Amino acid sequence: MIQSQEKTDRVLIRIKDLTEEKADEVVWVRGRIHTSRAKGKQCFLVLRQQQFNVQALVAVGQHASKQMVKFAANINKESIVDVEGVVRKAYQKIGGCTQQDVELHVQRIYVISLAEPRLPLQLDDAVRPEVEGEEDGRATVNQDTRLDNRVIDLRTSTSQAVFRLQSGICQLFRETLIHKGFVEIQTPKIISAASEGGANVFTVSYFKSSAYLAQSPQLYKQMCICADFEKVFCIGPVFRAEDSNTHRHLTEFVGLDMEMAFNYHYHEVVDEIADTLVQIFKGLQERFQSEIQTVNKQFPCEPFKFLEPTLRLEYCEAVAMLREAGVEMGDEEDLSTPNEKLLGRLVKEKYDTDFYILDKYPLAVRPFYTMPDPVNPKNSNSYDMFMRGEEILSGAQRIHDPQLLTERAQHHGIDLEKIKAYIDSFRFGAPPHAGGGIGLERVTMLYLGLHNVRQTSMFPRDPKRLTP
């Protein structure tokens, strides 16, 4: 039957709270029908609630008629039901359920929302490891099918674990920086000029003129430093109009950005960013072991390794390591993606860490606002941070002197009129400062050892996907 929306004193128990301590209690539970199996005068249901599930038994007897057993067996998968039942200890552990020590003996069942009988994908297929599917000839679900039916795909235990862990990354980022004395700010996403002076920007109509979607909150972070906030961070969308159809690029992603003034050396900022990431990694290990294990069942991966303090190499050391491995590259040449990954493997072999910092990039490969190295003018006070051989953060000490900033912009052939507001920000006294930006989806992907950033973007946007 369909339950009416009348007020009731009924208290619904969470499936994750159904344990042996509640044995013999009568409880109400709400969940989705994950599977149903009729057998003679009884029907076995698996009720699912987020990443938790429990076996429920409907059997002909004092509280259930044959019609009720038949009714329960015919409820469509993914329908939402309210069930009243007695919690019983299981005679043996129930495989395939998170609540393995108990089952629910059903007395009443109400359908709250009936799902259509034909699902666009089966959840069991969607959590099956690809290797297992290939070996056994069993069905798996491809990426496009998942993304076209994202609401269903997000119900899987793997997706639930991925995005709960991702939420934890945001929470830990915020907790750590607030504890360090940072102020959270909100920055505009509709701006009058390209954030980074480049062409990879989305143009939008803005009344009788045009505006742009922000490629970065950097200008506004720096303005807040000039306004004496000293340490700031923000979490928000970032837009990149890059026609890159790779495993790690999105046209819209969530940026975790920070900026801070320093006293004597930009390494004060580098150390603060690195420690923030280490605190996130440690927090994930402590708080999200269950989610990590759930993801690893479908996508096996070695645990993420990091050092304290974080390994920091200079760019010239990285070039030397790559040359020793047979790579030909110049001193001022930027790292290609294959060389990035190779360097990650070399670092892991030598230092046993998946997380490291590369410092002192050649000035020629960095943006105009990057502070040159005062000791070696061919280098810069800039750095990248890497996880499992892929870049997750690009940062630098920013030029805070308007005259030098103007000279560097001219050297890069940038139209000074387009960045006038940026340069003017530093004309009334600006402290030395540095910062960087992290892509949330990429950090999640690499921490869990996944292979595509679309797995860690809830509703991904790339050059070929604008829905759902």
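Residues are numbered from 1 along each chain as its sequence is written, and side-chain values rest on heavy atoms, with hydrogens and water left out. Because the model is predicted, local features require pLDDT of at least 70 and side-chain atom pairs count only at pLDDT 80 or more, whereas totals for chains, interfaces and linings use all residues.

Helices (H or I, at least four residues) and strands (E, at least two) are DSSP runs numbered from the N terminus. Tyr315 is buried, at a relative accessible area of 2%, and Tyr361 is likewise buried, at 2%; buried denotes under 20% relative accessible area, exposed over 50% and partly exposed in between (1.4 Å probe, protein chains only).

A stacked pair is formed by Tyr356 and Phe386, with 5.1 Å from centre to centre and 10 degrees between the planes. Since Tyr356 lies in strand 14 and Phe386 in strand 15, this pair ties together parts that are 30 residues apart in sequence. Tyr356 is buried, with a relative accessible area of 1%, and Phe386 is buried at 0%. Ring pairs also link Phe281, Phe304, Phe306, Phe355 and Tyr447 into a cluster.

A charge is considered to sit over a ring if NZ of Lys or CZ of Arg is within 6 Å of the ring centre and within 35 degrees of the ring normal. The charged end of Arg366 sits over the ring of Tyr361, 4.3 Å from its centre. The charged end of Arg10 sits over the ring of Trp28, 3.8 Å from its centre.

An open sheet of three strands shows the order 8-10-9 with antiparallel pairing, two strands being paired if DSSP finds at least two bridges between them. Strand 8 (190-191) and strand 9 (203-206) stand at the edges with a single partner strand each, so one side of each lacks a neighbour in the sheet. Strand 9 is joined to the antiparallel strand 10 (residues 209-213) by four bridges. Tyr206 has Ser209 in strand 10 as its bridge partner.

Notes
Phe/Tyr/Trp six-rings, centres within 6.5 Å; stacked < 30°, edge-to-face > 60°.
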